[in-house]
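Please open the structure in a viewer and keep the selection tool at hand.

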Amino acid sequence: MPQHPFIIHQQPAAVHIDDGRSTMEVSPLWLRERTQAPDQLEPMTQQRLFDSHAIDDALTLKKAEPVGTDRVSLSFSDGHEEVYDLTALAQELGNTAPFPAAEPWDSSLDQQRVRFDWVRVQQDNAYFKASLSAYLQYGYLILYNVPTDPERILEVGSHFGYVKETNFGRYFEVYSRPTGNDLAYRSVALGPHTDNPYRNPVPGIQLLHCLVNETSGGLSTLADSLKVLEQLRAETPEGYELLKRTPVRFRFVDAGTELTTQRTMIQTDDHGNPTGVHYSPRLDALPLLSDADTRLFHQARQRLGQLFSDPAYEARFTLNAGELMMFDNSRVLHGRTSYDPSEGHRHLQGCYLDADGPRERYASLQKLDQTTEEVA
């Protein structure tokens, strides 16, 4: 059976896509640009050796002949002729993602699925790849056996991606100090939130590494926005749409910095599917809308916060010394229960990574696996 959705027509020459519901003719321009010919592409990078923007917009397909079940010989009006691998061409449709798909979760998620030994992550590529797969699926992971010496977090961060420096530095210290420039540096409870929604771009990933924890409080909380948004959309589709399309102002101010930006609370991909949120009740401001829309917006925002704090959607745990949690800063909201600093010391270090690091690492390991298979 062909592993592609293409139908070849010889008279007149045409290529169609069949998605099971309807068929659509593929433009010769789309086919020509996706050449697989070795003399058209640089071998290693697969970058084009010609300017595809200069292709004649009147380009036509002169010949289309099947070659077996998975290839087709195409001839174009610009003189280019080529045999295309249709299975490879199908990957250009975006239907075959090279990464594990996101899996929305709630409090029933088995935490063992996201716990990994930092020592093995460094030593075993297959185990490292499994940790990356878990992160891409669930939006977070917890590493244990992480040494508690200062700045170890930068080594861990660099293993999974690229450390992003901000006004807080390459990394930041999280412990109780009344003069800190953020409430995270106090002992008060922190509700579910995403970090730095006022920044452009927003940090993609956050790491928090526990160096010392001598308190009975200060439990870490995580909630998956993808699961919560499913419920919000079911309850109030109008409110969901308002949060998805209405920019709000996020603002951060301290003695030496002011950062402000506008963005929607619900983040989506190019197809309108939710990928996360920008959510921080301490930093946002209601947009100026009609009174009716302002009330609807507020009700949807209010319900969103209630769901994020609902135990049914929350993972709650003690982050012990030598443990590190890494989470998608837009998808997975984090928080903390209050604690009593008189019980003992509680000291975490944090840092941010660019969002694409784990995908890059996963793709590199995927290529390494393929190379190993070819050699074998």
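**First stop: glutamate 314**

Begin by selecting glutamate 314, which sits in strand S19 (residues 314-317). Helices (H or I, at least four residues) and strands (E, at least two) are DSSP runs, numbered from the N terminus. The model is a predicted one, in which local features need pLDDT of at least 70 and side-chain atom pairs count only at pLDDT 80 or more, while totals for chains, interfaces and linings use all residues. Residues are numbered from 1 along each chain as its sequence is written, and side-chain values use heavy atoms, with hydrogens and water left out.

Is glutamate 314 buried or exposed? Its relative accessible area is 12%, so glutamate 314 is buried. The term buried means under 20% relative accessible area, exposed means over 50%, and partly exposed lies in between (1.4 Å probe, protein chains only). Now display the surroundings: residues up to four places away in sequence aside, glutamate 314 touches Ser107, Thr221, Leu222 and Ser309. Contact here means heavy atoms within 4.5 Å.

**The whole protein**

Zoom out to view the complete chain. The protein has nine helices and 22 strands, and its C-alpha atoms fill a box of roughly 80 × 60 × 40 Å, taken along the principal axes. Of the 376 residues in the protein, 45% are buried. Among contacts between residues at least 6 apart in sequence, 72% join residues at least 24 apart.

**The nonpolar cores**

Next, select Tyr140, Leu143, Phe160, Leu207, Leu222, Leu304 and Met326. Within the largest nonpolar core, which has 66 residues, these touch the most other members. A nonpolar core is a set of buried Ala, Val, Leu, Ile, Met, Phe, Trp, Tyr and Cys residues joined through side-chain atoms within 4.5 Å. Helix H4 (residues 125-138) gives the most to this core, with seven residues. A second, separate core has 17 residues, among them Phe6, Ala13, Tyr84 and Leu86.

Stay with leucine 143 for a moment. Neighbours up to four places away in sequence aside, leucine 143 touches Phe116, Trp118, Val121, Val156, Phe160, Gly322, Glu323 and Leu324.

**Glutamate 323**

One of those contacts of leucine 143, glutamate 323, is the next selection. Glutamate 323 belongs to the loop between S19 and strand S20 (324-328), and its relative accessibility of 10% is why it counts as buried. Which side chain makes a polar contact with the side chain of glutamate 323? The partner is arginine 115, at 3.1 Å. A polar contact is a pair of N or O atoms within 3.5 Å; within protein, one must be able to donate a hydrogen and the other to accept it, and residues adjacent in sequence count only if both atoms are side-chain atoms. The side chain of glutamate 323 also reaches the backbone nitrogen of asparagine 320, at 2.9 Å. Beyond its neighbours within four places in sequence, the contacts of glutamate 323 include Tyr144, Leu208, His209, Cys210 and Thr318.

**Backbone features**

Most residues other than glycine have a negative phi, and most peptide bonds are trans. Select asparagine 145 and glutamate 151, both in the loop between S8 and H5; strand S8 spans 140-144 and helix H5 spans 152-160. Asparagine 145 has a positive phi of about 65°, and glutamate 151 has one of about 70°. Asparagine 145 counts as partly exposed at 45% relative accessibility, and glutamate 151 counts as partly exposed at 42%.

Then move to the cis peptide bonds. One joins glutamine 11 and proline 12, with omega about -10°; proline 12 is in the loop between strand S1 (6-9) and strand S2 (14-18). Another runs from asparagine 200 to proline 201, with omega near 5°; proline 201 is in the loop between strand S11 (190-193) and strand S12 (205-213).

**Last stop: helices H6 and H7**

Finally, select helix H6 (residues 225-235) and helix H7 (residues 237-245), whose axes come within 5 Å and cross at roughly 125°. Axes are lines fitted to C-alpha atoms, for helices over the stretch in contact, and angles run from 0 to 180 degrees between N-to-C directions. H6 and H7 are therefore oblique to each other: angles under 35 degrees count as roughly parallel, over 145 as roughly antiparallel, 65 to 115 as roughly perpendicular and the rest as oblique. Leu229, Leu232, Arg233, Ala234 and Glu235 in H6 meet Pro237, Tyr240, Glu241 and Leu243 in H7.
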